[in-house]
Amino acid sequence: MKKQLVISTSNDMLRISPDKIVYILADGNYSTLVQSDNNKFVLSYQLGQIEKLISTQLGGDGNIFISIGKSLIVNRSYIYYINISKQKIVLSDTSSFSHSLTASKDALKLLKELLEKEV
């Protein structure tokens, strides 16, 4: 069975396959997790806490996620388009969804360089 990420609080629990996560966006003390089916969950975790959960629970499989700046974690499988000058990143599966997000020029430049090295 593939590893799943489990995010649990005193009131609820989310159990999700990592490949279903498109991105996680920081919002103060909360984070919004967006799935490939466009469902969204607001989590009472800061982004740093979620990064630790990913590392602890998924180990090496957690490397499908990349932090972009201090407010965004993306699934590298869905990175479709990066425009540094417009500070824009588009995450898409090219058929059922497309999410356009903003990030700093520096963060996007580093991301672009990282992905180019992997080719």
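How many aromatic pairs does the structure hold? The structure holds one. Rings of Phe, Tyr and Trp (its six-membered ring) pair if their centres lie within 6.5 Å; planes under 30 degrees apart are stacked, over 60 edge-to-face, the rest tilted.

This is a predicted model, where local features need pLDDT of at least 70, side-chain atom pairs count only at pLDDT 80 or more, and totals for chains, interfaces and linings use all residues. Residues are numbered from 1 along each chain as its sequence is written, and side-chain values use heavy atoms, without hydrogens and water.

The partners are tyrosine 78 and phenylalanine 97, edge-to-face, with 5.3 Å centre to centre and 65° between the planes. Tyrosine 78 sits in the loop between strand S7 (72-75) and S8, phenylalanine 97 in the loop between S9 and S10, 19 residues apart. Helices (H or I, at least four residues) and strands (E, at least two) are DSSP runs, numbered from the N terminus. Tyrosine 78 counts as buried because its relative accessibility is 13%; phenylalanine 97 is buried at 6%. Buried means under 20% relative accessible area, exposed over 50%, partly exposed in between (1.4 Å probe, protein chains only).

Now the sheet. Three strands form an open, antiparallel sheet in the order S8-S9-S10. Strands pair if DSSP finds at least two bridges between them. S8 (79-83) and S10 (98-102) are the edge strands. Five bridges join S9 (residues 88-92) to S10.

Helix H2 (residues 105-118) lies across S8 and S9, at about 130° to S8. Contact means heavy atoms within 4.5 Å. Axes are lines fitted to C-alpha atoms, for helices over the stretch in contact; angles run from 0 to 180 degrees between N-to-C directions.
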